[in-house]
Amino acid sequence: MVRETRLTPDCFIYPLFVVEGEGVRRPVGSMPGVFNLSVDEAVNEARAAKADGVPAVILFGIPAAKDPMGSAAADSEAPVQAAVRALKREVPGLLVMTDVCLCEYTSHGHCGIVDGEEILNDVTVEHLVQAALSHAVAGADFVAPSDMMDGRVGAIRTALDEHGFQQIGIVSYAAKYCSGFYGPFREAADSTPQFGDRRSHQMDPANVAEALREVEIDIAEGADIVMVKPAVPYLDVLTRVKERFGQPTAAYHVSGEYAMIKAAAERGWIDEARVMMETLISIRRAGADMILTYYAREAARAL
Ligand SMILES: [Zn+2]
């Protein structure tokens, strides 16, 4: 009764990686328990997650073919758009969020359209808007721009409103750090940059005032939920964001954080169930209202 922080399954958002094909359930080597799923398998996984008490999923798409412009990002028949339609039809009551970025779709693996070695911010925003609109048309409840381009939240909000999607919310990856903890995700999404890195648009791990500015701008542009990513190495940022703005706040417990626990547990060096719960409650204690985590199902079942 004197416990100050509660962890409940209804604060979990479960990330799913959707690929082309049927009956595909391909394990991601560096993330035990995580799979690349075809649409039918994503439906099965989401249905099982909902049965475990997890209210929401966020979808990442891995197209069969990539090109320099990331064209498949806005393709109505691409895996994410098809999965949104299937999930809204097959799993009633499940909240469906979609990741909006180009890095899973570009052949060079960058989050935007590039000219030489430079990412073109404003051109990229136009493409992100088209991707977000295609998710909205498919039936997504929330779109979640993760690219960290300037001005994309406002541009997406305006476009959604103009097309009659006023009710669709925006989860903004507002304070997304340039982090080594994303490594396993890039295997799962096949999105490792072919040259350079993401320092031009993602945040320096040393900065917190900048994170607050980024969050403030995204809220002003229309973000409904703001996110800090990764979670555990940035708990102080999470606390400052929640205290300063009081906005619904999400934290992404990212692939590398998950993989570290899994790897140590496989070696018998830590008690996985205990460390999983301690990690998730810490993220809640720091200020997260909701947590994106690959542990969503496991933790929900344990709870
Ligand atoms: Zn990206």
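Me: Buried means under 20% relative accessible area, exposed means over 50%, and partly exposed is in between, using a 1.4 Å probe and protein chains only. By that, is Cys103 buried or exposed?
Reply: Cys103 counts as buried because its relative accessibility is 5%. Keep in mind that this is a predicted model, where local features need pLDDT of at least 70, side-chain atom pairs count only at pLDDT 80 or more, and totals for chains, interfaces and linings use all residues. Residues are numbered from 1 along each chain as its sequence is written, and side-chain values use heavy atoms, with hydrogens and water left out.

Me: And why does Cys101 count as buried?
Reply: Cys101 counts as buried because it has 2% relative accessibility.

Me: Which protein donors does the zinc ion have?
Reply: They are the SG atoms of Cys101, Cys103 and Cys111, 2.3 to 2.5 Å from the zinc ion. Donors are N, O and S atoms within 2.8 Å of the metal (3.2 Å for Na, K and Ca), and water is not among the atoms, so sites may look incomplete.

Me: What spacing do those donors follow along the chain?
Reply: The spacing is C-x1-C-x7-C.

Me: Switching to strand E10, how many of its residues are buried?
Reply: In E10 (residues 225-229), 5 of 5 are buried. Ile225, Met227 and Lys229 point one way, while Val226 and Val228 point the other. Strands (E, at least two residues) and helices (H or I, at least four) are DSSP runs, numbered from the N terminus.

Me: What joins E10 to strand E9?
Reply: E9 (residues 169-176) runs parallel to E10, with 4 bridges between them; DSSP must find at least two for strands to pair. Lys176 stands opposite Lys229 there.
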